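Subject: Structure for your review

Dear colleague,

Please find below the structure that I am handing over to you. My findings follow directly after it.

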Amino acid sequence: MNGKDRIRKLAGWLLLPLLLCGCNQQDDVEEIFCSGTWYVVDYYTNVKWGANNDTSARPVNGNNLEELKVLQQFTLVFSDDGTLEGKIENGTYAGKWQADPDGRTVSITQLKASVGLSGRNKKYIEFLQNCSFYEGNSLNYLRLAPTETVTCIQFTHKD
């Protein structure tokens, strides 16, 4: 074995641990959740959870522009201390959250609103409380789903 071959072999052995350690597919929960203000896009049905390109999901309010105009003003902001807050129609809310990247699970608890809950506010808060799973990234979308994962609520960042 000549000197160049020895150097290549040594370099390969030195790089191997870096390659193996770089294969961690676990989500960075804080990067995803604590990436700024999330705005509601819509609720979805017929969801194929975990699909790379879920073309079967159907927006609940897709044709109801008046409903979407209000719903898309709802916000959600996760803090790295495990608290969250957001805006709903004519009010605000706050609570606690935690997520586990291993199963992509999420728990949203202790939600309290500054206004009485009815209509779309009640539906939204109840949906958040029933969420068990998440998927998404810090750049452009976050989806939260209940245990059944056939429905979800989708969020995005506004520019």
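Two strands are said to pair if DSSP finds at least two bridges between them. Please note that this is a predicted model.

With that term in place, I begin with strand 8 (141-145) and strand 9 (residues 152-156), which pair in the antiparallel sense over three bridges. One of the residues concerned is leucine 144, whose bridge partner in strand 9 is isoleucine 153. The hairpin of strand 8 and strand 9 has six residues between the strands, and in this hairpin threonine 149 takes a positive phi near 50°.

Strand 8 also pairs with strand 7 (133-137), again in the antiparallel sense, over five bridges. Glycine 136 has leucine 142 of strand 8 as its bridge partner. Strand 7 and strand 8 form a hairpin too, with three residues between them.

Is strand 8 mostly covered or mostly uncovered? Four of its five residues are buried, and strand 8 is therefore mostly covered, where buried means under 20% relative accessible area.

I turn now to the largest pocket, which holds about 150 Å³ of space. Its lining consists of Gly50, Ala51, Asn52, Asp54, Arg104, Glu135, Gly136, Tyr141 and Arg143. Strand 7 and strand 8 each supply at least two residues of this lining. Sorted by class, the lining has two nonpolar, three polar and four charged residues.

Yours sincerely

Key: Residues are numbered from 1 along each chain as its sequence is written. This is a predicted model: local features need pLDDT of at least 70, side-chain atom pairs count only at pLDDT 80 or more; totals for chains, interfaces and linings use all residues. Side-chain values use heavy atoms; hydrogens and water are left out. On a 1 Å grid over the protein atoms alone, a cavity is a set of points where a 1.4 Å probe fits but cannot get out, and a pocket is an open set with protein on both sides within 12 Å along at least five of seven lines; lining residues have an atom within 4 Å of a point. Grid points are joined across faces, edges and corners, and a volume is the space filled by probe spheres set on the points. Ala, Val, Leu, Ile, Met, Phe, Trp, Tyr, Cys and Pro count as nonpolar, Asp, Glu, Lys and Arg as charged, and the others, Gly among them, as polar. Buried means under 20% relative accessible area, exposed over 50%, partly exposed in between (1.4 Å probe, protein chains only).
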